[in-house]
Amino acid sequence: MKLVIVESPAKAKTIGRFLGKEYTVAASYGHVRDLPGSAEEIPEEFKSKPWARMAVDIENDFKPIYVISEDSKKHIAELKKLLKKADEIVLATDEDREGESISWHLLEILKPKVPVKRIAFHEITQEAIDEALANPRDINEELVRAQESRRVLDRLFGYSLSPVLWKKVRPKLSAGRVQSVAVRIVVEREEERKAFRVAEYWSVDARLVKDGIEFAVSVIEIDGEQPATGKDFDPDTGELLSDLRTRGDVIHLNADDAAKCAAALKTSFPWTVRSVEQKEARQRPQPPFMTSTLQQAASSLLNFSPRKTMQVAQRLYEGMDLGGGEREGLISYMRTDSLTLSTRALEEAAMLIRARFGPKYYKEARHYATKSKNAQEAHEAIRPTRLSYAPDGLRSYLDQDELALYTLIWNRTVASQMPDAQLLRTAVDIEATADGRRVIMRANGSVVVFPGYLKVADIAQKDTQLPPLSEGEKVGPGHPLDLVDIEAEDHFTQPPARFTEASLVRRLEEQGIGRPSTYAPTISTIQQRGYIDRKGKALYPTFLGIAVTKLLRDHFPEYVDFDFTARMEDALDDISNGEQDALDFLKGFYRGDGNFGHGLQPQIEREMERIEFPALALGKDPKSGDELVVRLGKSAPYIQRGEGGEGNTAPIPQDIGYEELSLEKAVELLEARAKGNEPIGTHPETGESIYALVGPYGPYVQLGEISEENKKPKRASLPKGSDPGEVDVATAVRLLSLPRDLGKHPGTGEPIVATTGRFGPYIKCDKETRSIPAGDDIYTIGLDRALKLLAEPKRSRHATKKVLKTVGSDPQTQKTIEVYEGRYGPYVSNGDVNRSLPKDMEPQTVTLEQALELLAKAPNKKKKSKAKAKKITKGKAKSKAKSKPKAKTKAKTRD
């Protein structure tokens, strides 16, 4: 028997279809060994070492200490059982550094005495597997060293700098070689936005019509001067750029200028068409996808996060059931920075394009240059394994996300081999004399003459059609070409846009930071750590992220420097190519030499005493002259004036970010806080003071003061958008009236209350709860209505839970497995057992294999209950007479 080892069960299932009976395919379930993830995992023999926490022997050539995780131990045990029956091992893990490393670790653990072959392939098809088996190779030790060096480097970086953050900022923070630079990119964009000064400018725009075709024209010149547009202003001052002011050929139109120009043009007919210029243009197709461009396109076109894109792509790569017992990988390997297409793929594309679109849509094979220095690790771009598998033919076999991503890849691959689109662009200049000044207006049009690759591109080219126009033609009333309307338009310059996940991936790629396998996990990590948050698609830094970036930038600038980080990536690439010694590289990085910085270890020793708790300066208080700063606090950021103390601090509401927190806003929050210390009135029933305050989660009202006797005064949040300064006593009393006591249940005597919770208003009586319907008011609902709601049958456990996806049926029990939206996040259930989804797993991407694996890991509560029940029964048997009354009570409780 020949034992083939791959990473995942899905990949094993697909490959197993292509191999004969003499092969057994098994999965390692990802990495089998890694550096310890916690202190408990560190082997006992190393715990006394000064470097034990890092699990890298910095005293002995940076040797990593590997451990087998608890989850991997059972998989290794299974592989060892299979190995006893095998006469050959075939390692078929992925072809990149990660895959090569997994194969190497498997050999280190299994120590096989039978022959070992390493095979690699870019796609999971019969042809690719046959070719790989016919051309086995040895494990690439240079790739393994590169992956190990990357892992050790990241451990040295994170485990050296993270303790600095613990001591100087807040416990449990982390720094990372790539993640810290990614956070810096987002932070510096926010700093640009905060420093941005808006400029207002005006334009004069008109609409003309001829032969029923309307089109736009804009004033582009007034007596030889061009009206300023957004690009002509300095983002730091909001003024015209200094060189434009010096040249004097740009005019900054204000509202009066633009209005006078528009009014003058209305009375200056006829205008005259001065020139009509037509130019042919060509638009080239984009290259086939690599990892970064696929993530960007999927984000902008499908609204996928990078992580979701990679999860869906992984499924398409590892294999899908195509009916009739067929199972095959649908795309080539999805972690790549190559733009190359194989000869077979190019030939398939040529045949398909000629057959589907005609000979004029195919001229010759198009080859795209790969910029990445290390693209030989994955020799091909991301493409369909067979272009004959058109998206329409796969609708019955793929879910919505899989089909959408596959369609994107199929379209891009085909389009990349089609000819350029041909466009005809027209520029028409129209001249007028208004108030004695010569005014030039311009109209632009563009039409597609030959669509070429646009036939299948994932972008649409819209025509801007102009009617036939000729030089000397007149414009105005009584002419075929006439004015529809003309007006002055107001414009404001815009700050640079915040990064989205897609544009951040693009920036990381442009800067040479990270590699295809790191983009998605990096972006997920910086959000999970609380350094970055999202508003819609836009990413913005939290105050924590800004503080950490400020500390690292001030004291360890080269370790968050773009060029330095890119050089680290290049060095790792050189290691994989055999051009850089791994040990020299790690020594240089950690201890310092001319090529790899001043050394992380000595720099931390030098800087540690100089680092102060980071505070973000906002400016000086206009009244007191004291400095206003943002400090982080134990759980939430706050504003501090001067040395702080009573009346000089105020929490920052969660909906106010760094860009929005101006000096004026900070003063306003401090004043609101100080005003909140004064009661807005007293409660008419209790006589206690009522306060309107602002906290980290927004404005709220509070009954009474905090004291030793009243450590947690009653509070109630104000409705969204409320101004705490305008809250009156009546409103506050109404809000503080919850929970309302409605009376006692006539049957049980238990109190019934109306209150509100995470999921809205509800009625509660003992352990029974019912939601208050939209037509009822929580503040006026009475006992009779509450009793009617309680009398209604309670919905089943999943009745209020939204089914996010039906995964399939359990092959053993035939029970339906579904993913639900739960109170604490999405979870998978077979009706008996529930299991929460990991944070990095998208509900719509869960496969049957993943669901079964999650449910198998769920604690077996039923078995435990039965065992406990048996134990209790035995106890009762021994003292039957004494236990009888208690048994009845327990039985009643269970009912």
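Let me begin with a strand pair: strand 10, residues 213-222, runs antiparallel to strand 17, residues 437-450, and four bridges join the two. Strands here are DSSP runs of type E with at least two residues, helices are runs of H or I with at least four, and both are numbered from the N terminus. Two strands are said to pair if DSSP finds at least two bridges between them. Within this pair, Ile222 stands opposite Val439 in strand 17.

A word on the source. This is a predicted model, in which local features need pLDDT of at least 70 and side-chain atom pairs count only at pLDDT 80 or more, while totals for chains, interfaces and linings use all residues. Residues are numbered from 1 along each chain as its sequence is written, and side-chain values use heavy atoms, with hydrogens and water left out.

I turn next to a hairpin. Strand 20, residues 532-535, and strand 21, residues 538-541, pair in the antiparallel sense over four bridges. Ile532 stands opposite Pro541 in strand 21. Two residues lie between the strands of this hairpin, and Gly536 in the turn has a positive phi of about 65°.

Is Gln640 buried or exposed? Gln640 counts as buried because its relative accessibility is 11%, where buried means under 20% relative accessible area, exposed over 50%, and partly exposed in between, with a 1.4 Å probe and protein chains only. The side chains of Gln640 and Arg631 are joined by a polar contact of 3.4 Å. Such a contact is a pair of N or O atoms within 3.5 Å; within protein, one must be able to donate a hydrogen and the other to accept it, and residues adjacent in sequence count only if both atoms are side-chain atoms. Leaving aside neighbours within four places in sequence, the residues in contact with Gln640 (heavy atoms within 4.5 Å) include Leu628, Val629 and Thr649.

Finally, the whole chain. It holds 24 helices and 37 strands, and 48% of its 895 residues count as buried. The C-alpha trace spans about 115 × 90 × 65 Å along its principal axes. Among contacts between residues at least 6 apart in sequence, 65% join residues at least 24 apart.
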